[in-house]
Amino acid sequence: MTESFHRSGEYENPYEGQQQAPVNPEWPPPPAYAPAHAPHPKKRGRGPLALIAAVAIVAAAIGGGTAYGIQELTGNDTVASSSTSTNVVPSSQKGTVAGVAKAVSPSIVEISADSNAGSSTGSGVIITSGGEIVTNNHVVSGASRIKATMSDGKSYTAKVVGTDSKKDLALIKLENASGLKAATLGDSAGIQVGDQVVAIGSPEGLSGTVTSGIISALDRDVTVPTEEGQDQGQQQWGQGQGQGDQWPFEFGGRQFNGDTGSSTTTYKALQTDASLNPGNSGGALIDMNGNIIGINSAMYAPTTQASSSSDAGSVGLGFAIPINTVKADLAKLRAGSTD
């Protein structure tokens, strides 16, 4: 919480003049997946700290491999992706936060999702000019109505295409959208501790907010509930038992901000000190060349702040799902998975 925006490399083609087989930039389709069971509310626990999903502000909160060659891709459903770091930022602003923000902000949207339990706000990343957007599953889980607002203020209605609760990922598609500016998906395998990064999202409904920092650590094990438990915060808000997003997490062998329950999944996350706040979930973590290297998904906050998401704030401990995890999951999401 679009045209492909990337560059072609100059190279000599040894096969020039010879007939070549067509290249299909899409991943092969995955097998069909059975729908997930209906979610069940679970008892909440307490901890000295709260690991808050940097985002779904529920209800009354403020609205708010060689993978692919570097090439010029066209088409509404073509993802701009690279196995190396593409220079998306103009050379005159290369390596600057301002340059990254200017180049990538048009590809980041604010997502508003309404359900029977209330409403939530998060962020998303446009990955095709036809309106495919990647976000966190917990941002849109159970939503009956989804709206995405572009950086220029234009809004679209969106529908869920596929979800993967085990990786906390979701793919949504805007209705009647074309010509959007798609982000370039980078390569998270090459990230090192200390690399500078930029985060863009909609914390507390403040669309297009830009923060910066570094990669603090790699391969952090973050455990989250699967779909059976992740509507907990919204369901409890609907019962008048909570304010804001009470998304439970487990990290370092301890549970934070509620009981994650018995049905959980663990993913490897990037840790960053770039400021993340409620509303950033689903937004982009970006390298200094303008490539998306992660999807922001969670943050720590002290228990005193966790009682209300509107009071929660960044303490420099944020987590993002590596973009290589997203790319590996994209075919499954496009096939309509509801896992």
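Colleague: Hi! Which residue in E6 is the bridge partner of Ala 148?

Modeller: That is Tyr 156 in E6. Bear in mind that we are looking at a predicted model.

Colleague: Noted. How many bridges join E5 to E6, and which way do the strands run?

Modeller: There are four bridges between strand E5, residues 145–149, and strand E6, residues 155–164. The two run antiparallel.

Colleague: And what sits between the two strands in that hairpin?

Modeller: Five residues lie between E5 and E6, and Gly 153 in this hairpin takes a positive phi near 95°.

Colleague: What about E6 and E7, how many bridges there?

Modeller: Six bridges join E6 to E7, which covers residues 169–174, and this pair is antiparallel. One spot to look at is Val 160, which stands opposite Ile 172 in E7.

Colleague: How many residues are between E6 and E7, and which turn residue has a positive phi?

Modeller: The E6 and E7 hairpin has four residues between its strands. Asp 168 in the turn is the residue with a positive phi, about 55°.

Colleague: Nice. What do these strands build, and in what order?

Modeller: They belong to a closed barrel of six strands, in the order E2-E3-E4-E7-E6-E5, with antiparallel pairing. From one strand to the next, the twist averages 40°.

Colleague: What span does H6 have, end to end?

Modeller: H6 has 12 residues and reaches 16 Å from its first C-alpha to its last, close to the 16 Å expected at 1.5 Å a residue.

Colleague: Which residues of H6 are buried?

Modeller: The buried ones are Ile 323, Val 326, Lys 327, Asp 329, Leu 330, Ala 331, Lys 332 and Leu 333. Just after the helix, Gly 336 takes a positive phi of about 90°.

Colleague: Which residues does Ser 112 touch?

Modeller: Leaving out residues up to four places away in sequence, Ser 112 touches Ser 120, Thr 121, Arg 145, Ile 146 and Lys 147.

Colleague: New topic: where is Ala 217?

Modeller: Ala 217 is in strand E9, residues 209–225. With a relative accessible area of 8%, Ala 217 is buried.

Colleague: What is Ala 217 in contact with?

Modeller: Apart from its neighbours within four places in sequence, Ala 217 is in contact with Val 193, Leu 270 and Gln 271. Ala 269 is 52 residues from Ala 217 in sequence, with 8.7 Å between their C-alpha atoms.

Colleague: Last one: how many helices and strands does the chain have, and what share of its residues is buried?

Modeller: There are six helices and 15 strands. Of the 339 residues in the chain, 54% are buried. The chain exposes about 14,100 Å², with carbon and sulfur atoms supplying 48% of that area.

Technical notes
Residues are numbered from 1 along each chain as its sequence is written. This is a predicted model: local features need pLDDT of at least 70, side-chain atom pairs count only at pLDDT 80 or more; totals for chains, interfaces and linings use all residues. Side-chain values use heavy atoms; hydrogens and water are left out. Buried means under 20% relative accessible area, exposed over 50%, partly exposed in between (1.4 Å probe, protein chains only). Contact means heavy atoms within 4.5 Å. Two strands pair if DSSP finds at least two bridges between them. Axes are lines fitted to C-alpha atoms, for helices over the stretch in contact, and angles run from 0 to 180 degrees between N-to-C directions. Accessible areas come from the Shrake-Rupley method with a 1.4 Å probe; for residues, only the protein chains shown count as cover. The expected span of a helix is 1.5 Å times one less than its number of residues.
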